[in-house]
Amino acid sequence: MWRRRRPLDGLDDDIEAHIQHETDDYISRGVAPEEAHRLARLAFGNVGIVKEDVRALWHRAWLGQLRQDVTFGVRLLRRTPLFTCAVVLSLALGIGANTAIFSLLHAVALRPLPVENPEGLWKVGDRYPYAAFRALAGDETVLASVAAASGVRLNVSIDGAPEPTVDGQLVSGNFFRLLGIRPVLGRAISPDDDRTPNAHPVVMLSHEYWASRFGREPSTLGRLITISGTPFTVIGVAPPGFFGIEVGTAPSLFVPILMQPTVVPVLGNPPRLITGQFRVLTRLRPGVTAAQATAALENRVHGWLEREMSGRANLSRFGDSVRAQLIGVNLWPELSPAATGFSNIRDEFSRPLLILMAGVGILLLIACANTSNLLLARAAARQSEFGTRQALGASRWRLTRQVLVESLVLAGLGGLVGVGLAHWATRFLVVFISRGQTPVVLDVAPDARALAFTAACAVITGVLFGVAPALRATGRRMVPKLRVPTSRSGTHLRLVPERLLAVSQIALSLVMLIGAALFVRGLMSLDGRGGGAAQREVIVARVEPAGSYSRRRPPETLVRIDREYKNLLERIHAMPGVRSASLAEYSPANPGGIYRRVTTPSGTEVQVHQPMVYPRYFSTLGIPFVEGRDFAPRDLEEHSPPVAVVNETFARLFFGRTSAVGQPCRVMATDSAMPCQIIGVVRDSPYADITGDVEATMYQPFLQTDTNRGMMVLHVRTSDDPRSVIPALRDALQHAHPTAPQFAIQTIADELDAVLVRQRLLATLGTVFSLLALLLAGVGLYGLFAFIVVRRTREIGLRLALGAGRPDIARMVIGEALTLVLVGVVLGSAGGVVLARLATLRVALLLPTVDARDPLAIAAAVVTLLTVAGIAAYLPARRAARIQPMDAVRANC
Amino acid sequence: MATKDTRIELLQGTLDLLVLRTLAVGPAHGHSIAKAIQRGSDDVLQVEQGSLYPALHRLIKRGWIAFEDGTSENNRRAKVYRLTAKGRKQLSIETNRGERLAGAIARLLHPVSQE
């Protein structure tokens, strides 16, 4: 292209030289200089046209015209700043909202991992046991390499001082090599660190941790970090932006898997035993397809499984084929693409985000309809201008193109402002979804795909709302437009497309309002399930003493852990500000615990929820006793008779009106049936299952249940502000278990925030977006009828002069407007209900308590809409009623 | 000087040809080319001098002439145009064609009275 530029350079000089030459010629023939110059110019012809012709020769014709159109369009927009601002703002809202939600969705679900060649990564199954991973890792035939990783919380202290607990990743030796990650300092964890269990106390830092905790000091290399009481050497730092393979997390430390027994003390594993489930990643050998690899691996895994089980388990009950058996035990090595890594956040938020995308899509449509209406009105006013131009020879296509360009300029401006809004909004959203849990870390910086999406939005928007006005402005009836407009009868102004647009705006807004109302109602009902005041007064914190999660555990361990718990509770009870404290197997917001078969005296056998608790659990949570008593310290001695406390539902189901207290039951444990006596009945826990129904529950004291799990959740009821007690609690926990990681210490209300975050997201954003949509629709309605009133000023003036009352005029306008609104409401209600029914199956998991035909929600939505629409219709009507007949007759429309 | 009536409006292609013909003699500035065409046709062919420039740029685009920055006689910066090899070849082709066309027109206008 650069070559073409040179001929155009100096064109002005060339032409000037030419004319000057001609002038000199004339002068030499005796003509006066001024006259000579004039004659020279005459001889040359129109300089401007010549320049334009030459330029047009080099540029493609349309490029020059495009620049013209854009300049013209911008000038036009600047002349009507209010209009321009209104349009750009409404477009910015629509495009911005779409971009924000898409950015979040993209970051959560679509963005490839920041590793080398993410497209070549495959994951095996969802999570794979470590031993199975080792069986796979030996395969050289179809897999180029296999790596494993899993997230852990690590107890860290540096130079003797305890540090805040960090998130870390256990990684296999070839993890970094597989991902193609090179450290910025030192070396990465390598296969040399993956040879002997517990013999590689090395750690890699994330770039973020190195910057925030160590100030990017190069001397960090070689320093010692103590993890769970054992010193580890820092061997390297990962590059910036690398966060492992779990999207939404940001581990600070990377530790070799074989160090698991040391850094995960809760497992209580012997030093050479690695247990647990891991994420497994692999790359295939060139030329091998996923299907081929899966088939080859199936046999390998099956062979390993048979050796492991050596006849103990009966695999054939799952079927005869290797594949069916592996699927039955959850060990089928299914390969699926892993370019986007793994993510819990993704699993949780994909659906809500998709629902929100539909919502903002509708919002954008409404904004487009609004803009289209405004532009249509303006195009009608420009018909005389376009009529003239067409009469002078401009083609219809040329004019249409110009109007389209104007629309695209508006859309472009809207897009730019929208991107700015989205930037701020996306960050806010990430903070929102992090409430009550470990902060979610997402890279929401826009990348090519996100920006392309925004650009596409803007272009499609521009074309959508630009086409109709463009066609309208260049309509065929051009000649009559040149005449001075005569009076028009009211019915002539049918404005059908505008009315249709207004109706559809109303309908769409109502659909969104109904959706939002349903989400809000659902959230309100879920919120109401919590225990009221107790939510804010009770603090919870997970506790995981060493060895408290292990399969084969000697009874001494259990006793030791119990003693540690009792000491902890004593210490906490002594703290100021603490009213009562207890331990339970799970926190109210994250229910857990096992189910066991229980036989009642009448012989009924049922599956019953069986959480473990300590004494004073019920009083700490504010759950009152209906009859009987709580567990006492004497029930926790090693050989005291087994007892249980049941909830109302249990008592009612199995004992009816008779008292459950004193009744014996038999609990089926792994090997035998254990008899136990019911000593008390409590009210159903309001927290039992926040998103489900209450079930029959039997509580047992810690030492008396037979279970693998020994981790508990500390519950502390405070008498003062909970926040004042938290630091002391932290110290107490640190003191009790110096090598165990600490978990978040927060109130039940905070925890519930995290559990209900999706519902809260949908309810909040749903309300915001639907109110925005309603606002836009209202503005659109107002604009339409304001325009109609202006156009019919003469008619209205005549009516008034002929004796019509002002209220009649107002009624006429409002009547027309409300007809449109009513049609929209009917369509919208029907649409909203249908959509909600269709969506019920998918929404149900989020809001089980909401019926799609919830009359209160629909009523609320319709009332809100009618209020706004009423105002939008009333304002132009008022203006119409105020028209002075004399002004109207003089009006020239 | 020929009056307006006797001026014949030139077709684009013919103008291009005349430019090539003019430059076949040697490189020249825009003004000189215009003057040469005017003189050479005894003022019959009055070209609006401005329309020379689109013609020149057309020829540059086709690669039949080339240009350099130079100084004109009155010390102004202006381009100097010259014929390229390609242009020379094109000129001979076009000349033949033009001559044949001119001959055909002449014969049509003044049929040799035979019959």
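Q: What should I know about the model and its numbering before I start?
A: Residues are numbered from 1 along each chain as its sequence is written, while chains are lettered from A and ligands numbered from 1 in the order in which they are written. Because the model is predicted, local features need pLDDT of at least 70 and side-chain atom pairs count only at pLDDT 80 or more, whereas totals for chains, interfaces and linings use all residues, and side-chain values use heavy atoms, with hydrogens and water left out.

Q: How many helices and strands does chain A have?
A: Helices (H or I, at least four residues) and strands (E, at least two) are DSSP runs, numbered from the N terminus, and chain A has 29 helices and 25 strands.

Q: What radius of gyration does chain A have?
A: The radius is taken over C-alpha atoms, and the globule rule is 2.2 Å times the number of residues to the power 0.38; a compact globule of 893 residues would come near 29 Å, but chain A has 37 Å. Its C-alpha trace spans about 125 × 80 × 60 Å along the principal axes.

Q: Is A:Arg300 buried, exposed or partly exposed?
A: Buried means under 20% relative accessible area, exposed over 50%, and partly exposed in between (1.4 Å probe, protein chains only). A:Arg300, in helix H11 (residues 290–309), is partly exposed, because its relative accessible area is 34%, and of the 893 residues of chain A, 51% count as buried.

Q: Which residues is A:Arg300 in contact with, leaving aside its neighbours within four places in sequence?
A: Contact means heavy atoms within 4.5 Å, and A:Arg300 is in contact with A:Ala135, A:Leu136, A:Gly138 and A:Asp139, once neighbours within four places in sequence are left aside.
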